[in-house]
Amino acid sequence: MIENWRPISLLNVDRKILAKILFWRLSSVAGDLLSSHQHCSVQGRSTFSAVLAIREALERCRAAGWRKYLLALDQAKAFDRVNHEYLWLLLGRYGLQGRFIDWLKTLYNGAESFPLVNGWVGQPFEVGSGVRQGCPLSPLLYAFAIDPFVRRLEGASLCGVPLGIAGVPPLKVVAYADDVSVIISGTEEAQEVVSVIEQYTEASGSKVNHEKSEVFWMGEEGESFELPDAFPEPQQEIKILGIKFGPGDYGHRNWESRLVVANAKVASWKRWRLSLRERVDLIKTYLIPIFLYVSFVCILPVSLYARVYSCFFQLLWGNRLNLIKRNVTYLSRREGGLGVVNPIVFLFFALFKVQSW
C-alpha cells in the first residue's frame, strides 16, 4: 500500500556536504536549545539514553507500586508532514540567525523529486513540505519541529515518575525524534495529553496515528484507570526503540528473540566454506552486533549463558567437537589463540560502558 511506503531520498553529493556542515553547526547548540528529554541528534544522548530512561521509569513503577500508563505515540508520516513555514518560524524563535535559516531554505526552496521504483522513473514534482529521509540534517530539523510538543508535555500537570535524584524533576516524557513516550497517572492527565496533541496538530500540521500508537500499563494487574476514547486499547507488551517492555522478565524475552535471530543466521552461515580466520571475523563483524543493542539495555540472564556460548562456537567449529579449549581461543594469535571474543564478558561489559556515558 502506498500509504505505508517510506521513501528514502537519493541526494547529490554537494547537497549532502552542505547539509552536513549545517548539521554540525546546528548540533553544537542543539543541546542547549532542545528539551533535555529529546535524545535524537543531540551530543551526549542517543537511542540508548532514551530507552534506558523508559526502563528506569518502568522499574521504578514496579518497585514502588505506582499506577501509571505508558503511552507510545506514533506520528503519521512524521518527516513528510513537517510544514516548512512553521519550521523556519520556529527556528527563528529559538534564536537562530536569519542567515543560517536562509541556508536551510536553500536546501528546500524550489526543490523537486521524482519517484524511482524498480527502475521506473516518474514525473518530477515539487517538494512542498517535509524533511527528506536520507539527508544527514533531517533528524535534527525534525527534533526542532517536534520540540514545542515535547516541551508542552513537560509543562503539563503530569505527575510523571520521580527519579529519586535531588533537583531532577519527575520523568514525564521521553522522545527520540518522532518516537514520543508519555507517562500518564490518571484520567485527567490523559485528557490533558489529548488536548496537547490536538493543539500541536493544529499548529504544526502533524498528525498522530492513533491506530499505531500503543498503551502499556505499568502497575499491578486489575488496578488500571479509564482512558479517553482517543487512546488505543492497552497492550500486554509494548515495543519502543527496538526493545519490548512487558510484564515479568521482559529482559529474558528480548534476549530470547535475539537468540532466535542469531541461531537462524548461524545455521545459514555454517553452510559456507570458510577458513577458521574467516569464521572468527564473521563472529566479530556480524554475530556480536545481533546481541549488542539489547545488551545495552538488559543484562544477559545467567540461564542463557550456555545457549549464547553454543551459538558462537557452533559457528566457529560447526557440529564438531571444539578442537581447542575455549579459554585458548580467546587468546590473541601471537599467544597461540584465535582472537575470538568471549561473548559473555564482552556483552556484559557493553552494558556498563553505555551506562557510563
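What is the relative accessible area of D147, and does that make D147 buried or exposed?

Mentor: D147 has a relative accessible area of 0%, so D147 is buried (buried means under 20%, exposed over 50%, and partly exposed in between, with a 1.4 Å probe and protein chains only). The model is predicted, so local features need pLDDT of at least 70 and side-chain atom pairs count only at pLDDT 80 or more, while totals for chains, interfaces and linings use all residues. Residues are numbered from 1 along each chain as its sequence is written, and side-chain values use heavy atoms, leaving out hydrogens and water.

The partner of D147 is R151: their side chains meet in a salt bridge, with 2.8 Å from N to O (a salt bridge is a side-chain nitrogen of Lys or Arg within 4 Å of a carboxyl oxygen of Asp or Glu). Both residues belong to helix α5, residues 138-155, where four residues, about one turn of the helix, separate them (helices are DSSP runs of H or I with at least four residues, strands are runs of E with at least two, and both are numbered from the N terminus). R151 is partly exposed because its relative accessibility is 34%.

By this rule the structure has four salt bridges. Another of them joins R253 to E237, at 3.4 Å from N to O. R253 is in helix α7 and E237 is in the loop between β9 (234-235) and β10 (238-240), so this pair ties together parts that are 16 residues apart in sequence. R253 is partly exposed at 34% relative accessibility, and E237 is partly exposed with a relative accessible area of 32%.

E256 forms a salt bridge with R307, with the closest N and O atoms 3.0 Å apart. Here E256 belongs to helix α7 and R307 to helix α9 (residues 305-317), so parts 51 residues apart in sequence are tied together. E256, at 25% relative accessibility, counts as partly exposed, as does R307 at 37%.

Helix α7 itself covers residues 250-269, which makes 20 residues. From first C-alpha to last, α7 reaches 29 Å, close to the 28 Å expected at 1.5 Å a residue (the expected span is 1.5 Å times one less than the number of residues). Other residues of α7 are buried: Y250, G251, N254, W255, L259, A262, V266 and W269.
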